[in-house]
Structures are given as structure tokens and as C-alpha cells.
Amino acid sequence: AYVITSPCIGVKDASCVEECPVDCIHEGEDQYYIDPDTCIDCGACEPVCPVEAIFAEEFVPEEEQEFIQKNADFFK
Ligand code: SF4
Ligand code: F3S
């Protein structure tokens, strides 16, 4: 799944939401989150984020690894 990381916090541009064909990007208090169980890995959201907060799970930077779990936890 794709993952939204810390640059989204306080920015919440939301351009990614319109791109998602399965509507799996949801608004949280501080940032948006991607539901890993619904994401189909299409990649459409990644290039539209102005702060480059979105990564495929395998390319999440070392210092942003905790966001993989944070995205998943939001949908529990
Ligand atoms: Fe939605 Fe595709 Fe982004 Fe997954 S990769 S969140 S399916 S736009
Ligand atoms: Fe956040 Fe970027 Fe989407 S700032 S809401 S991940 S377009």
C-alpha cells in the first residue's frame, strides 16, 4: 500500500483525495491517511502531493517508517 508521511501534517493539501480511484484516502485530525486494506497501489496519488508526503510502502524513508503503522492504525 501507499503511505502518507509527516510532510502532510499541518498541510493537508488534499489533492491526493481526488486522484484515488478507490476512495481510500481519509482525513484525520493532523493529516490524511491511506487505508492499506483498500489501496490498490495504483500510484495516482503520489505525484500530486505538493509536499511529497506520499510513498509506496517499500520506499518510505527511514525516518518516516512509523507512518506505515500510523496509516494502518487510523482504520482500526
Ligand atoms: Fe489510492 Fe492509488 Fe494512492 Fe492507493 S496508490 S491511495 S489506490 S491513489
Ligand atoms: Fe497530505 Fe499531500 Fe494529500 S499534503 S492530504 S498527502 S496531497
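Buried here means under 20% relative accessible area, exposed means over 50%, and partly exposed is in between (1.4 Å probe, protein chains only). The model is a predicted one, so local features need pLDDT of at least 70 and side-chain atom pairs count only at pLDDT 80 or more, while totals for chains, interfaces and linings use all residues. Side-chain values use heavy atoms, with hydrogens and water left out.

On to the charged pairs. A search of the whole structure turns up 3 salt bridges, each being a side-chain nitrogen of Lys or Arg within 4 Å of a carboxyl oxygen of Asp or Glu. K76 and D73 pair up at 3.0 Å, N to O; K76 is exposed at 79% relative accessible area, and D73 is partly exposed at 36%. K70 and E66 meet at 3.3 Å, and both sit in helix α2, 4 residues apart, or about one turn of the helix. Helices here are DSSP runs (H or I, at least four residues), as are strands (E, at least two), numbered from the N terminus. K12 bridges to E27, with the closest N and O atoms 3.0 Å apart. That pair links distant parts of the chain, K12 being in the loop between β1 and α1 and E27 in strand β2.

E64 is another story. E64 is buried yet has no salt bridge, and the nearest side chain of opposite charge, K70, is 7.7 Å away; Lys and Arg count as positive and Asp and Glu as negative, with His and the chain ends not counted. Leaving aside neighbours within four places in sequence, E64 is in contact (heavy atoms within 4.5 Å) with T5, S6 and P7.

Technical notes
Residues numbered from 1 in each chain as written. Chains lettered and ligands numbered in written order.
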